[in-house]
Amino acid sequence: MISIKQTFYLDHNIKDVYEFVNDSGNEVDWVSSVKQVEQLANDQLKLLYDFLGRKETFVMQITTEAYHLRKYTSTEGVFPMKGEQRFESIKNGNATKFEWYFEMDPGKYFGIIPLLIIKKATEKVMKKDGTNLNKLISQSMMSV
Amino acid sequence: MKTDFNIDQNTSQSYPLSKEQEGLWFLQQLDPDISAYNVVFGGKIEGHLDIQTLERTFNFLIERHDVLNTTFETIEGKPYQNFEKNIVKGFDIQLNTGVSDIEEIVKCIDKDTKKPFNLSTDRLIRANLYQKNDQQHILVVTAHHIAIDLWGLAILLNELRLMYTAFKTNETPQLKPITANFRNHVNDQKALLFSEKGDSLLTYWKEKLSGELPVLDFPIDKVRPKLLTYNGKVERFSLDQELSNELVELAKQESVTLYMLLLGAYRILLQRYTNQEDILIGVPVAGRGKKETRNIIGNFVNTIVLRSSLDTSRNFSDFVKDIRKDIIDGMKHQEYPFSELVKELLPDRDPARSPLIQTAFAWERLPVLDDVMASLGTSQDSLLDIELFDVDQQEGQFEISLEMGNEVDGELHGLFKYNTDLLSSETVVQVIQHFKNLLRSIVKNPELSIAKLPILQDAEQEEILNIWQEKPQEFPKFNTLHQGFEAMVVKNPNAIAAVYDNTEITYDELNKKANALAHHLKSLGAKKGTLIGLCVDRSIEVLVGIMGILKSGGAYVPLDPKNPKERLELIIDDAKTPIIITQGKEKIAIVDDQIEIVDLDMDWPLIETNSDENLDLVTGKDELAYVIYTSGSTGKPKGVLNTHHNVLRLFTATDHWYKFSENDVWTLFHTYAFDVSVWEIWGALLYGGKLAVVSYEVSRTPELFYDLLVDKKVTVLSQTPSAFKQLIEYEVSLAAPKDLSLSYVVFGGEALDIPALKPWVERHGDQSPKLINMYGITETTVHTTYREIVKEDLLSPKSMVGQPITDMKIHLLDGELNPVPYGVTGEIYVGGEGLAVKYLNREELTAERFIKDPYSTDANARLYKSGDLAQLYKNGDLKYIGRADTQVKIRGFRIELGEIQTLLTAHPSIKNAVVTTKNINDNDIRIVAYYSIEEEKEVTDKDLRNYLVNRLPDYMIPSIFMEMESFALTINGKIDYRKLPMPEIKRDDVELILPRDVVELELQKIWEKTLKISPIGVKDDFFQLGGHSMLAVSIMSDIKLLFGDSFAISVLFQYPTIEKLGEIIREKKEIAKGSPLVRLQKGKSDKHPVFCIHPIGGNVFCYSPMVESIKDEYEIYGLQVPYLYEDGTPHITVEDIATDYIDNIKSVQEEGPYHLVGYCFGGLIATEIAHQLKEQGDQIGTLNLLDTRSPLYDDAEEFDDAILLSWFARDLALPYGKTLTISPEELRECESVDKMFELVLSRAKNEHIVTDDINQDQMRRYLDVYISNGTALSLYEAKPYNGRINLLRAVHEPLIEQIGINLGWDRCEVKDLKVYDVPGNHNTMMYNPNAIVLAGTLQKVLAEYKEVETAVLL
């Protein structure tokens, strides 16, 4: 079981951040291990992940509390995983604290790759993604 | 018989050369400037000379003898002579009218006659005319020996006079008709070589010159050039009428010719100068046996080889008859060409020496020349009145040669020709004098044995015997050593007498402890002369023990516990020591329970109850002080008895040189079982100085010992040259020498290789400290001679040992105890106050070695026959040569090879054994044991080594063992040492396995450098490769420098292979605990280091070939993943890796500019390092990517464990230039991932990619690093780089269109991308020969940066 929690401080208001993250169309851009996204019915997403040399499809059930929380839990896939993304307005509404919790239990899915490396790699990817998020939201605002 | 005979089928004008001509032609091609084969005639011409007529005469003669107008050409690689392609130009006489002084003329002649001939273009004869005035000329004719010999020159001269007169008088000349030409000779010679007669001649010479061919060992004055030279001079001499007549008479009496007699005398002279019984002398013969050859000009001279055995116990009368027989036999076989003989015999070629013969004896009395000479200057019929004018010629063909045969007014004249690059004229003048003395001795008593024939004159002998003027001697103030010490105790009781580690002892404390021990020993029965064993480890207790024993009246017998117990038992048994002092009884296994053991640890509470006052024992100066055992030829060591006086006078006699004082700090570097320790101990304690006792480990670890010299401020250092060499090597490895306090470095124990001191002298000069070479032996009390080594001595390889110290004397004597001449090798006989009393229990050996001094007026005076050889120079300087017998000195230790041989032969499986020394490489002398095995027995080299290790000190263990089926014997039935093969360094059946990681690679480099063998495999045994303890010291020193770890020498005995040594180095982990830095090359300049970052897999091994080819001015570091060899979690992002590596890079280079190199994935890390350094404000020198793809290119393909392990196997092998292919399909057949992993491990072992004993954990670490690197690679993203990137691109790597020819870097926002093509594909670019180009390209890039940097600074 791997569980990782990371916090990012984004220079955007909570609305912009929440809407960007909750838009499944942005998933491929900001979550680097996600290569394809398909919106299914009943707030479900079908995601193709590419991570540590493995490509695998998962179906995630998405639940949200608008501008506050976004949760995802796998309903299909080779191993269970889930995540929580919490949003908190800070700096008088000019910035957002973004907390990202992720949990997975890959078992022997990654084979010979040590769990420690899987965990570290996951941490690094999440960190990179969270850090990139700021930039990506800015770019999306500009394009708008 | 040769079969490809084909006589003169040339229809062209080109003819083959005679064999003599071939030899000369070849020499001239080798060195076109040779003039040693210019044949010269000089004549004084009185009266009017018509130069035009003289020129006309020469032209006539050149036309008559076409051999003088021959040119030589090469056709299809073979030389030919062309008699018809004449040089059309008329013959000019070079007229010199500018000089009249005869000395000036002689100089001009010398210069003119030594101008070389160009055999392709020059006419092979020329004439110079030196005009003193209208009536006086000197004519000098110079011709190349390829065209003419002395006989031919006489013909030419005779015809010159006749023709000149004929032209002047318009008369018809009376010239003898020419009935043959030189071509006939060439054909005849060729026919001979292909005839049965030719075979028969060759058989004779092969038999005559069978076996090992001797090389002349004439003592030379200069450093022998590496390549043979031909520079020479001549020294002329004459024998007075009386001696000449006596020689003629003696020749008649002995029924030999004068020629034979003089040749025999020369043979004896050479034996005296060389000590060689077997010598080859070249003897030229005219080669004009056929009548028709006698009137033609050409080179017919051949050389035959005289080889006469010389038994010096026989008399001259008998010997000269042997010479007669040899000469007559040789003459009968003279037709076989010498140059062909050399080809057939194929003697060992030494480019510094002429083949086969290095000396010659020529008899220049040719019948034709006699006739011509007789008529010179006397003929009334000739208008060309020529009188002989001697001109030196053809010198330098040999090292030394003698020409005789000329006789003037009843006096025999002769001349010695010699090579001036080897000998001085002074020496040759001495040789002439000795030749004359020898001839006088022979005529005086031809019945005297040859060995007894004196060659020195009485005055010369007196001069040599007394060359070192006796100097006023001072005598020691004390009778005993301990009295001298006690005087220092009184003078300064609180001064530090000795220090060991951090323990110090004052003079007073040492005295009191020694007194207590002495009282105790007395209570146990010690009295005057009692031999008391001392068996303690190096420590202050050594001094307490020695001093206590001496104070008790006894003499100490060193029993160094480092020696095998069996050897110690032999010593105890021989010395019959009733008491042994030890420190821990386990040090010595005493079988005799009558021996009293004094344990300085256990018994000290009892010992210290004794009085600590000085004893009132009155001891005489001639009482024994110690018995030191040296190697003995019978298989048992022999004890040398030395007195207190022997030691005390050593310091008195050398005091005027050294002036030692209480301010001096000495080291006790050597074991107290080696007599140099006597010098070290008493040099300190008799002067009130301080003695730093050096532990065994420190003495074997140069860097620790060097630090000790610094820390303890040592002023006087005694060293064997071998040990000091290690110290020099260590110091040279330091950027600058540390603060040494040395006043003297005193060498002893073995021959000093003086040029090896150069690096030291360059750093320290020759005065601070002074470097003193002292020859000495245990039997003469440590040191016998004194020689200060100064800078100028470094130019010569001679081991100069100087002159005897004041109260000693040395004679260099031959086998008859006669002094040898200056420069000639003789055995060192030592006399004087330092002579030991005798050998213990070896009366016969004592009588043999300590002989009555035949040159002393004191009836009791003795000389010690040392067995060492030396030469004496006229300035009184002695040059050490080596040993006369089977005793050798290796690393300062005297070793009787017989002792090893006796022990080896005693092994139950050994049938026969011979132990000798061989020079393996430059001055690398090793002990080699040759052995044969009893039938049905088996024994390995290792068994024999272990057998000897238990019985002999390590310095006596042969470094190479060689099994022989049988031994070649001499005619006397003794083993023929000359036929023992050169030892082979054996690998047994061990496969050559090359290094598999950086540790092994570095160890391999160290081993190859030290053992001078390449390649060495990781499983090769150090000792099988000829390693010995001193080489082990060197290896451990290098390991310390490179890896930072100190290991005891004994580690090599436990772990004698690179593989095993590598394991313990890795286990120690201190080399790189958590540090990725690995020094790949030590730099020799202040240039900024180069950092090479590992590719995927974390190993920097792949850089080895490239680094090998980079000039060593660059310090080169590798950055590899430390977790390859230790537990830990590798980084999984390039950014983290870069941050970590920057910390380490800055630990060796604090500030930029930084030079970064990265191969493959390493290039990405290098780029990230550059990014981060720039962000920190540091400067990047060069950023060099070796075929690294940009991170834009993402070819991430899906993989499972089988694919991953397949890639891992492939990439594991790559750094070693190997291939390990295991397909995913094959891996998938394994039932589990663990089995897959096992398969990879097993295949990697089979391919020797990993060590046999690698465990799963280690292999797992490799894999984890591999995966981590792979993860980091997949996560890294491109970013703009505001600087220059040098991309060294593998040109043979197939192009991937998606990435492009610049590997994607041109799309990465790089400010300045410079691309260099290097040969090879992505893998092979890193291996030779491609790695050489890669290294060159990288150096070019680095050099360009340096230039730009310099320009900017300017």
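**Ground rules.** I number residues from 1 along each chain as its sequence is written, letter chains from A and number ligands from 1 in the order in which they are written. In this predicted model local features need pLDDT of at least 70, side-chain atom pairs count only at pLDDT 80 or more, totals for chains, interfaces and linings use all residues, and side-chain values use heavy atoms, with hydrogens and water left out.

**Sheet in chain A.** I looked up the strand order first. Seven strands form an open antiparallel sheet, β1-β7-β6-β5-β4-β3-β2 (chain A). Strands here are DSSP runs of E with at least two residues, and helices are runs of H or I with at least four, numbered from the N terminus. Two strands pair if DSSP finds at least two bridges between them. The edges are β1 (2–10) and β2 (34–40) of chain A, each pairing on one side only. From one strand to the next, the twist averages 20°. I then checked β1(A) against β7 (residues 95–104) of chain A: nine bridges, antiparallel. A:Lys5 has A:Tyr101 of β7(A) as its bridge partner. Helix α1 (residues 14–22) of chain A packs on this sheet and touches β1, β4 (54–65), β5 (69–76), β6 (81–90) and β7 of chain A. Its direction makes about 160° with that of β6(A). Contact means heavy atoms within 4.5 Å.

**Sheet in chain B.** I found an open sheet of three strands, ordered β1-β4-β3 (chain B), with antiparallel pairing. Its edge strands are β1 (14–15) and β3 (71–75) of chain B. Two bridges join β1(B) to β4 (residues 78–82) of chain B.

**Helices α2 and α4, chain B.** Two packed helices are described by the angle between their axes and the distance between the axes. Axes are lines fitted to C-alpha atoms, for helices over the stretch in contact, and angles run from 0 to 180 degrees between N-to-C directions. I read an angle of about 125° for α2(B) and α4(B), with axes 9 Å apart. The two helices are therefore oblique to each other. The classes are: under 35 degrees roughly parallel, over 145 roughly antiparallel, 65 to 115 roughly perpendicular, the rest oblique. The crossing is right-handed (the near helix is turned clockwise from the far one by less than a right angle). Contact residues include B:Phe58 and B:Arg64 of α2(B), and B:Glu159 and B:Phe167 of α4(B). By class I count nine nonpolar, two polar and four charged. Ala, Val, Leu, Ile, Met, Phe, Trp, Tyr, Cys and Pro count as nonpolar, Asp, Glu, Lys and Arg as charged, the others, Gly among them, as polar.

**Salt bridge.** I searched the whole structure and got 55 salt bridges over all chains (a side-chain nitrogen of Lys or Arg within 4 Å of a carboxyl oxygen of Asp or Glu). B:Glu159 forms one with B:Arg64, closest N and O atoms 2.9 Å apart. The pair links α4 (residues 150–169) to α2 (residues 51–64) of chain B, 95 residues apart.

**Helices α8 and α12, chain B.** The axes of α8 (residues 258–274) and α12 (residues 425–444) of chain B come within 10 Å and cross at roughly 120°. That makes α8(B) oblique to α12(B). The contact has 11 nonpolar, two polar and no charged residues.
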